[in-house]
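Biologist: I have a model open and would like to go through it with you. Could we take it one question at a time?

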Amino acid sequence: VNQSTMGVYGVPVGMNTIATTLASTHEAHMVGKYDVGFADGLQMPMSRGFASFFGYLGGQVDYWSATAANIFSCSPSAGNRIVDLWNGSKPASALPGFAGCVGKDSVTCGEANASSYLESIFVQRVESIIATYAKASVATHNNDAKALFLYYGQHVAHAPLQSPKTVLGRFSGIENANRRIYAAQVAVCDSAVGSVVDALHQTKLWGRAIFIFFSDNGGPSYAGGPPSASNFPL
């Protein structure tokens, strides 16, 4: 039995994705979290209908170094973890601000420029895709151009608990350290969504857009030490 066909930690390759389903009418791009299988090339985003992919393949990465959680690493040592960041089917180039943050707490790494925070880099990529598509279709009035399908899988507000110091400072009144960082991450999430909406308005694509926003997880009540969130009464 071909295990990649059956599905190894992910969606079986014999199943269509929304990107493959829309392939005849839409140009599909993906940014952010994948986490639906990468046992071989057939499970990778570029084999599942996406024209481009910029993001990480596993369940979570460090926001400052893009290093993978131990489960996806070649070594249990934080200093030797692999970088799980991809551009298409190849590793992404080294990004500014990532060096020196592996294994450090969010406040220490938060001293770095907030533009080096991984979610900020994802937003920049999303804005670039929108601008490129608008230039090719709207500005040129190319009615034959495929519609744009853009899937943005945000990393925030998933573990690990890390936030830029500039955002963290807005929540200094929250005593619980974990909850303070989580609140900052949710604020980053809100800001990212706002930036995407603004980009669609600025490129005059908002009137032609169907915008779907949803979350797959509740608050991380499990994140080490005092919980950062409560899902009561759910």
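Biologist: Is D35 buried, partly exposed or exposed?
Modeller: The model is a predicted one. D35 sits in the loop between strand 1 and strand 2, and D35 has a positive phi of about 60° although it is not a glycine. Buried needs a relative accessible area under 20% and exposed needs over 50%. The value for D35 is 24%, so D35 is partly exposed.

Biologist: And K204: buried, partly exposed or exposed?
Modeller: K204 belongs to the segment after helix 6. K204 is not a glycine, yet its phi is positive, near 65°. The relative accessible area of K204 is 64%, and the cut-off for exposed is over 50%, so K204 counts as exposed.

Biologist: What pattern does the protein chain follow along the sequence?
Modeller: The protein chain has 6 helices and 5 strands. Read in sequence order, these elements give α-α-β-β-β-β-α-α-β-α-α.

Biologist: What is the order of the strands in the open sheet?
Modeller: Strand 1 and strand 5 run parallel and are joined by 7 bridges, while strand 1 and strand 2 are parallel over 5 bridges. Strand 2 and strand 3 run antiparallel, with 2 bridges. The edge strands, each pairing on one side only, are strand 4 (90–91) and strand 5. With mixed pairing, the order of the 5 strands is 4-3-2-1-5.

Biologist: Which residue of strand 5 is the bridge partner of H29?
Modeller: H29 stands opposite S52 in strand 2. In strand 5, the bridge partner of H29 is L150.

Biologist: Why is strand 2 described as largely enclosed by the rest of the structure?
Modeller: From strand 2, S52, F54 and Y56 point one way and F53 and G55 the other. G55 also stands opposite W86 in strand 3. Strand 2 is largely enclosed because its buried residues number 5 of the 5.

Biologist: At what angle to strand 5 does helix 4 run?
Modeller: Helix 4 lies across strand 1, strand 2 (52–56), strand 3 (86–87) and strand 5. Relative to strand 5, helix 4 runs at about 180°.

Biologist: Which residues are closest to the centre of the largest pocket?
Modeller: The largest pocket has a volume of about 1800 Å³. The elements that give two or more residues to its lining are strand 1 (26–33), helix 4 (118–137), strand 5 (147–153) and helix 6 (177–202). By class, the lining has 35 nonpolar, 10 polar and 5 charged residues. Of the 50 lining residues, the closest to the centre are Y151, Y152, G153, I212 and F214.

Biologist: Is A229 buried or exposed?
Modeller: A229 is in the segment after helix 6. Beyond its neighbours within four places in sequence, A229 is in contact with R179, Y182, G219, P220 and S221. At 8% relative accessibility, A229 is buried.

How values were computed. Residues numbered from 1 in each chain as written. Predicted model: local features only at pLDDT ≥ 70, side-chain atom pairs only at ≥ 80, totals over all residues. Heavy atoms only, no water. 1 Å grid on protein atoms, 1.4 Å probe; cavity = no way out; pocket = protein on both sides within 12 Å on 5 of 7 lines; lining within 4 Å. Points joined across faces, edges and corners; volume = space filled by probe spheres on them. Helix = DSSP H or I, 4+ residues; strand = E, 2+ residues; numbered from the N terminus. Nonpolar A, V, L, I, M, F, W, Y, C, P; charged D, E, K, R; others polar. Pairing = 2+ DSSP bridges. Contact = heavy atoms within 4.5 Å. Axes fitted to C-alpha atoms, helices over the stretch in contact; angles between N-to-C directions. Buried < 20%, exposed > 50% of the residue type's maximum accessible area, 1.4 Å probe, protein only.
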